[in-house]
Amino acid sequence: MSPQPVVHVRRNVWTLPEDDLTLAHYAAAVTEMKGRDADDPTSWAYQAAIHGTAATPPKPLWNSCKHGSWYFLSWHRMYLWYFERIVRAAVVDLGGPADWALPFWDYDADPSQARIPPAFREEEGGANPLFAERAHRLNLGEPLPFEITSPAYAMGRTQFVGEAEFGGGITPDGDAFWNRDGAVESSPHNDVHSYIGRWMGRTDTAALDPVFWLHHANIDRLWFAWASRPGHDNPTDPRWITQEHRFFDADGSERRLAASAIVDIAGQLGYRYESSVPVLPPPLSPVPEVSMSGPNESGPTPPKRREMAGASEETVQLIGHAASVTVPIDQRTTRSLGTALGVSVPDVDRRVYLNVEDIEGEENPDTVYGIYVNLPDGAPRELAELHRVGNLSFFGIERAQDPRGDEHPHGLRVTVEITPLVRRLVAENAWDDRALRVTFLPLGPVDAETKDPPVEIGRVSLGYT
Ligand SMILES: [Cu+2]
């Protein structure tokens, strides 16, 4: 790739100057792209179908998004970059500036920015090209809750590779949902998709929503911010670095990129982000890489196996209301868990993980749940927050259940590290050696009358290294 002469600046959509035309140019380009022939790879519909579509027969590069995979971040960075070039070319053709760049939506910057930007939600008689079907109250300007927008857990991870680490677990290439989600893919990425709902809540329609691209610019910005931090390294594994992905460029020609060509966004891709790094929580001490992918592991530390400490005996049905399940703790592991996690005998290498497994449902209910451990009854939101270990949402549940290509149908799975909470409970003498109580609470306003399409959790389990 030839060096880029200009560095394009991706700006915060909420703090654009009053007279700025970035979104007006975007809207004009979207209209233009929507008018292109459906076979044109630079058309709006074709670009969205590269992410996912239910249309058949599939055209070249359709349904090629990577999820639940360590390719999630690299694939979406490339996807966005080519899309931005296509939009910029349309902007220029329409008489706009040659330095047009995609803005990003930093929903976590402050509560006022947690709302969908006005230009995307005002319908203007149905003619606004930036409008899309979303949860009604969000199109009316209701903010996303902080539990959904916060990247704190993800940004606090010190490793890129691994399930529940920043960037995701090792997976083969291929168009599939691999259930090896990185922390930033789970939250805020998946959660924001589901909470916005409708088109954004489904992989087959998500990229049809013009706000999709600003959401992903923010996810890309979080990756850039994470990797800029000392001690945070992108994978060095050749399987990640050399894996190529295919896209269409602004002239409609097919192109290939490998991760080695996209890790330096200013130097290799010619863009940067306007505002810098969000506030970062203190990191946990580094954890040796944990891998589910088998013995041919590369890297400095040999992977540690996660042992099972207990699993729920009954399934949980989620229909939009609070639900709880008990996870009995195997008595043989109790002593080592309790002792090692207690403040008296600190053992920095011991880690505890909560797995929510075999999640099945016909469709994404668009509800996002907080996952709470040992939540006291009737706890107010601030106290409850001290017991929240992560979120549960269901972006991609339709695809996992009814996959394209040769992937087998499977449920979704979410893993979060809960070591800090377990340590605190042990220190406060609030740790129960025999069982863990896990509660799922819908985030955001809940309508007691609503009944979601059901989602079933097959098992909740506790693992440790
Ligand atoms: Cu996405």
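## The loop between H2 and H3

Leu 61 is found in the loop between helices H2 and H3; helices here are DSSP runs of H or I with at least four residues, strands are runs of E with at least two, and both are numbered from the N terminus. The phi angle of Leu 61 is near 70°, a positive value in a residue other than glycine. Leu 61 counts as partly exposed because it has 17 C-beta neighbours inside 10 Å. (A residue is buried if 20 or more other C-beta atoms lie within 10 Å of its own, exposed if 12 or fewer, and partly exposed in between, with C-beta atoms placed from the backbone.)

Pro 57 lies in this loop too, between H2 (44–51) and H3. The peptide bond that leads from Thr 56 to Pro 57 is cis, with omega near -10°. Why point these out? Most residues other than glycine have a negative phi, and most peptide bonds are trans.

## About the model

What you are looking at is a predicted model, in which local features need pLDDT of at least 70 and side-chain atom pairs count only at pLDDT 80 or more, while totals for chains, interfaces and linings use all residues. Residues are numbered from 1 along each chain as its sequence is written.

The protein chain has 15 helices and 13 strands. Of its 465 residues, 47% count as buried. Now take the contacts in the chain between residues at least 6 apart in sequence: 73% of them join residues at least 24 apart. (Two residues are in contact if their C-beta atoms, placed from the backbone, lie within 7 Å.)

## Helix H3 and its partners

Let's follow helix H3 (residues 72–93), starting with helix H9 (residues 212–227): the two pack at an angle of about 130°, with their axes 10 Å apart. (Axes are lines fitted to C-alpha atoms, for helices over the stretch in contact, and angles run from 0 to 180 degrees between N-to-C directions.) H3 and H9 are therefore oblique to each other; angles under 35 degrees count as roughly parallel, over 145 as roughly antiparallel, 65 to 115 as roughly perpendicular and the rest as oblique. On the H3 side, Leu 73, His 76, Arg 77, Leu 80 and Phe 83 make the contact, and they meet Trp 213, His 216, Ala 217, Ile 219, Asp 220 and Trp 223 of H9. Sorted by class, the residues of this contact are seven nonpolar, two polar and two charged. (Ala, Val, Leu, Ile, Met, Phe, Trp, Tyr, Cys and Pro count as nonpolar, Asp, Glu, Lys and Arg as charged, and the others, Gly among them, as polar.)

Helix H1 (residues 22–34) also meets H3: their axes come within 9 Å and cross at roughly 100°. That makes H1 roughly perpendicular to H3. His 25, Tyr 26, Ala 29, Glu 32 and Met 33 of H1 make this contact with Val 87, Ala 90 and Val 91 of H3. Here the classes are six nonpolar, one polar and one charged.

Another cis peptide bond joins Ser 187 and Pro 188, with omega about 10°. Pro 188 is found in helix H8 (residues 183–196).

Asp 358 is found in strand E8 (residues 352–361). Although Asp 358 is not a glycine, its phi is positive, about 50°. It counts as partly exposed, with 15 C-beta neighbours inside 10 Å.
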